[in-house]
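Please read the numbered points with the sequence and the model in view.

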There are 2 protein chains.
Amino acid sequence: MARRKVGNPLAFAVLGCLGERPMHPYEISTMLKARGKDQSIKVNYGSLYSIVSALEKHGFIEALETVREGNRPERTVYQITAAGEAEFTDWLTELVGTPSREFHPLEAGLAYLPGLPPDRAVELLEQRLAVVDAEIKEMTALHEQMTATEFPRIFWVESEFRLALLEAESAYVHQLAEEIRTDALGGAVYWRQAWKLFLEKGITPAEQLKDPVKYFGQEFAWMKTIPPEAQ
Amino acid sequence: MARRKVGNPLAFAVLGCLGERPMHPYEISTMLKARGKDQSIKVNYGSLYSIVSALEKHGFIEALETVREGNRPERTVYQITAAGEAEFTDWLTELVGTPSREFHPLEAGLAYLPGLPPDRAVELLEQRLAVVDAEIKEMTALHEQMTATEFPRIFWVESEFRLALLEAESAYVHQLAEEIRTDALGGAVYWRQAWKLFLEKGITPAEQLKDPVKYFGQEFAWMKTIPPEAQ
DNA sequence: GAGCTAATACTCGATTTCGAGTAATCGAGA
DNA sequence: TCTCGATTACTCGAAATCGAGTATTAGCTC
């Protein structure tokens, strides 16, 4: 069984909403948007109704009443149960107190970076930087505005945290692009040469690995000694 | 239809592996582990066979041969197709060049931080810090070791990037915990008071919101003016 | 009062996902 | 040579996921 009976982060947001007062699913979705919680939690509205059912099935929420206004579809109003409140607190405790292994897509990309020619890699890293830096600028402006209107920081720490991560990403990517461009990155020369051999002479990476000394010089003799399980 | 015909990051890793030479699924899984790619890409071995089938169905890989060694189960060896190579390069290009909105679990937690008493929040943030800082230390040591053995940096940039993110997380969480502890965080005083009222007098947050001036003083009059759609 | 757009309030089912299970074989030690 | 745990290699189905679609109504304009 999964660690949580209902594991989708949207379920966490639903419990958070219903902790305030009873609501019907559609109201929950508008509330989440209005509060900007959809900026910090991935809210997929297609999953909302399945998640509400799952929460009800496991006794975290219960139907309070079913109302009909005019000729509109029926709306079931749900309220949180004691078990639901406990689940929410437990979940919140876990989210704050326990780091969980995240896999950033850029990590996956970097793990296969030699799969692109170095110049192309630099180009793409710079393309990413443009978008990331624009977002940093936008968020910074928003934060300044919230500070100016004295909207208490406790209500937007999640946004501050996101900004901190974006700034770290920007700084790292900036530095990496620079180091590739100037061949200051260890292995960059070899990387450049491997792509040159492939593009100009059609020598595939597999062939290159068979005789690294021939293609890259004596200092790459070690490559033969290391089996395919490099690293 | 989804952006990618096979969207699981593991499919990206499978294409990356088969780009090197033909392999059978189980060999792919051991290769990914041996290369440490499972550190940068979420590899769920339960999904491996479904993903390989999906890749084959869409023409990104094809069965090369089916071999049987001794009485072992049959193993189908797959090779990448031209379409598969194109898909891999396109995917890699996207991973490197285009930021995608990530939802860090801590962001979700911070968005509901007032749901915990301030002192408990500090406690949990510090608990997280202990784990994160231990990991930072471990990774730093590993990086030093790789530098010492002259293992080229280009082969571990993904690890450097992860370290950069962890360091940013640590710095932010450290600062936040400190600011809550010292009430330097905007709104922290109100947050503390709200929990005190609730724990000592049983006044629920909902009741408090109805008459903020009474509970928090004149400077919180604005809270009444802002409807539930705060922020 | 006709027509249009935006908002409201869901529903559906094709895929995808993944944990847990299975079963064979290998190798090390007793 | 017997056993037992580790490794090899894969299967299955229950549950989750999510985009895309639908139908109604409110409110606005002309």
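This is a predicted model: local features need pLDDT of at least 70, side-chain atom pairs count only at pLDDT 80 or more; totals for chains, interfaces and linings use all residues.

1. A definition is required at the outset. A residue is called buried if 20 or more other C-beta atoms lie within 10 Å of its own, exposed if 12 or fewer, and partly exposed in between, with C-beta atoms placed from the backbone. By this rule B:Asp183 is partly exposed, because 13 other C-beta atoms lie within 10 Å.

2. Residues are numbered from 1 along each chain as its sequence is written, and chains are lettered from A and ligands numbered from 1 in the order in which they are written.

3. Confidence comes next. The pLDDT is the predictor's confidence in each residue, from 0 to 100. Chain A has a mean pLDDT of 89, and 92% of its residues reach 70 or more. Within chain A, helix 7 has the highest confidence, at 98, and helix 11 (residues 222-225) the lowest, at a mean of 66. The pLDDT is below 50 over residues 227-231 of chain A, a stretch with 6 contacts in the model beyond near neighbours in sequence. Here two residues are in contact if their C-beta atoms, placed from the backbone, lie within 7 Å.

4. The overall form of chain A may now be described. Chain A has 11 helices and 2 strands, where helices (H or I, at least four residues) and strands (E, at least two) are DSSP runs numbered from the N terminus. Their order along the sequence is α-α-α-β-β-α-α-α-α-α-α-α-α. The radius of gyration of chain A is 26 Å, whereas a compact globule of 231 residues would have one near 17 Å. This radius is taken over C-alpha atoms, and the globule rule is 2.2 Å times the number of residues to the power 0.38. Along its principal axes, the C-alpha trace of chain A spans about 80 × 50 × 40 Å. Of the 231 residues in chain A, 32% are buried.

5. How are the two chains related? Chain A is superposed on chain B by a rotation of 180° with 0.0 Å of shift along its axis, at an RMSD of 0.1 Å. That is the relation of a two-fold axis. The superposition is by least squares on the C-alpha atoms of residues with pLDDT of at least 70 in both copies.

6. In chain A, 66 residues are in contact with 66 residues of chain B. Helix 7 of chain A gives the most to the side that touches chain B, with 10 residues. The residues of this side of chain A divide into 39 nonpolar, 14 polar and 13 charged. In this division Ala, Val, Leu, Ile, Met, Phe, Trp, Tyr, Cys and Pro count as nonpolar, Asp, Glu, Lys and Arg as charged, and the others, Gly among them, as polar. The copies meet through the same surface, because 100% of the interface residues of chain A are also interface residues in chain B.

7. Helix 7 (residues 157-181) of chain B has 25 residues and reaches 36 Å from its first C-alpha to its last, close to the 36 Å expected at 1.5 Å a residue. The expected span is 1.5 Å times one less than the number of residues. Buried residues of this helix include B:Phe161, B:Leu163, B:Tyr172 and B:Ile180. Their cover includes helix 5 and helix 7 of chain A together with helix 6 and helix 8 (188-201) of chain B.

8. Which residues does B:Phe12 touch, not counting residues up to four places away in sequence? They are A:Ala108, B:Ile41 and B:Trp91. B:Phe12 lies in helix 1 (residues 9-18) of chain B and is buried, with 26 other C-beta atoms within 10 Å.

9. B:Glu150, in the loop between helix 6 and helix 7 of chain B, has a positive phi of about 55° although it is not a glycine. B:Glu150 is exposed, with 11 other C-beta atoms within 10 Å. B:Asp183, found in the loop between helix 7 and helix 8 of chain B, has a positive phi of about 60° and is likewise not a glycine.
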